[in-house]
Amino acid sequence: MSPEERVARAIRIKGLLEDEDIKAALVSIEAELTDEWKRTHDAAERDNLWRAVNVLHKLKAWMVSAASHELSAIKRAK
């Protein structure tokens, strides 16, 4: 991926992170998974739900990192 493509990707990801609908969706999904996790008494289901919450956290962390890393590199180069 060229530097220009990485910059364009970072800008798109940053836009997603700032989109109110995307933010609301991520918060809602996490809340639903956490509520289900609290309600279930099945150990395997609890484990699966907790994994899902962790995957959601990893997705958000990746998006933040992908957006900020590339954009920071651009600012440093200027």
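So, the side chain of Thr-34 reaches the backbone oxygen of Glu-30 at 2.8 Å. That counts as a polar contact, a pair of N or O atoms within 3.5 Å; within protein, one must be able to donate a hydrogen and the other to accept it, and residues adjacent in sequence count only if both atoms are side-chain atoms. Thr-34 sits in helix H2, and it is buried, with a relative accessible area of 18%. Buried here is under 20% relative accessible area, exposed is over 50%, and partly exposed is in between, with a 1.4 Å probe and protein chains only.

Before I go on, a word on what we're looking at. This is a predicted model, where local features need pLDDT of at least 70, side-chain atom pairs count only at pLDDT 80 or more, and totals for chains, interfaces and linings use all residues. Residues are numbered from 1 along each chain as its sequence is written, and side-chain values use heavy atoms, with hydrogens and water left out.

pLDDT is the predictor's confidence in each residue, from 0 to 100. The protein chain averages 89, and 88% of the residues score at least 70. Confidence is highest in helix H2, residues 20-39, at a mean of 97, and lowest in helix H3, residues 43-77, at 86.

The overall layout is quick to describe: 3 helices and 0 strands, running α-α-α from the N terminus on. Those are DSSP runs numbered from the N terminus, H or I of at least four residues for helices, and E of at least two for strands. Of the 78 residues in the protein chain, 18% are buried.

Back to H2. Which of its residues are buried? They are Leu-26, Leu-33 and Thr-34. Seen down the axis of H2, these fall within an arc of 100°, so they line one face of the helix; the arc is that of the directions from the helix axis to the C-beta atoms. The face turned away from that buried side carries exposed Glu-20, Asp-21, Lys-38 and Arg-39. At the N-terminal end, Asp-19 is the cap, with a side-chain oxygen 2.8 Å from the backbone nitrogen of Asp-21.

And the length of H2? The expected span of a helix is 1.5 Å times one less than its number of residues. For the 20 residues of H2 that gives 28 Å, and the end C-alpha atoms are 28 Å apart, which agrees.

Now, the aromatics. A search of the whole structure finds 1 aromatic pair. Trp-37 and Trp-50 form it, tilted, at 5.1 Å centre to centre with 40° between the planes. The rule is that rings of Phe, Tyr and Trp (its six-membered ring) pair if their centres lie within 6.5 Å; planes under 30 degrees apart count as stacked, over 60 as edge-to-face and the rest as tilted. Trp-37 lies in H2 and Trp-50 in H3, so the pair ties together parts that are 13 residues apart in sequence. Trp-37 is partly exposed at 24% relative accessibility, and Trp-50 is partly exposed at 39%.

What lies over the face of Trp-37? That's Arg-46, at 4.0 Å from the ring centre. A charge sits over a ring if NZ of Lys or CZ of Arg is within 6 Å of the ring centre and within 35 degrees of the ring normal.
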